[in-house]
Amino acid sequence: MIPNDTIARVCHEANRAYCESLGDFSQAPWEDAPAWQRESCFDGVRFVLVSPDAPPSANHDNWSRLKLAEGWRWGPVKDAETKTHPCLVAFELLPPEQQRKDILFRAIVSALADPPRAGT
């Protein structure tokens, strides 16, 4: 099995690349990402591993709970200093491109955490 820290790194880098495809260049590479951001990714990996059948919206709910517990709140722009984030809304209210982040994250964790099957 691939270690959780490697899975978290792959998820972060995939999310960073996806964000860049949308014109968002605010994500730092894994090695330069702040500790809070890496820990959020680790938490997401752990969540998927303990709830493999949960829908992507559950990932978002888990992420939102973590952010709120850390003092973040909704704001029109993501700002780590003021702890505001525009994605602190219900999953259903996220634009499709933001929902895809949770879908992509879950798919990566599932693909890397499961042992490969013969013939695949």
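This is a predicted model: local features need pLDDT of at least 70, side-chain atom pairs count only at pLDDT 80 or more; totals for chains, interfaces and linings use all residues.
1. The charged end of Lys 67 is placed over the Trp 72 ring, at 5.0 Å from the ring's centre. Trp 72 itself is buried, as its relative accessible area is 4%, and buried means under 20%.

2. Now for the ring pairs. The count of aromatic pairs is two. Trp 30 and Phe 42 make an edge-to-face pair, with 5.6 Å from centre to centre and 90 degrees between the planes. This pair links distant parts of the chain, twelve residues apart: Trp 30 belongs to the loop between α1 (4-21) and α2 (35-50), and Phe 42 to helix α2.

3. How accessible are these two residues? Trp 30 is buried at 8% relative accessibility, while Phe 42 is partly exposed at 22%.

4. Trp 72 comes back here with Trp 36: their ring centres are 5.2 Å apart and their planes stand at 50 degrees, so this pair is tilted. Trp 36 is in helix α2 and Trp 72 is in the loop between α3 (56-69) and β1 (73-74), so the pair ties together parts 36 residues apart in sequence. Trp 36 is partly exposed, because its relative accessible area of 29% falls between the cut-offs of 20% and 50%.

Key: Residues are numbered from 1 along each chain as its sequence is written. Side-chain values use heavy atoms; hydrogens and water are left out. Rings of Phe, Tyr and Trp (its six-membered ring) pair if their centres lie within 6.5 Å; planes under 30 degrees apart count as stacked, over 60 as edge-to-face and the rest as tilted. Helices (H or I, at least four residues) and strands (E, at least two) are DSSP runs, numbered from the N terminus. Buried means under 20% relative accessible area, exposed over 50%, partly exposed in between (1.4 Å probe, protein chains only). A charge sits over a ring if NZ of Lys or CZ of Arg is within 6 Å of the ring centre and within 35 degrees of the ring normal.
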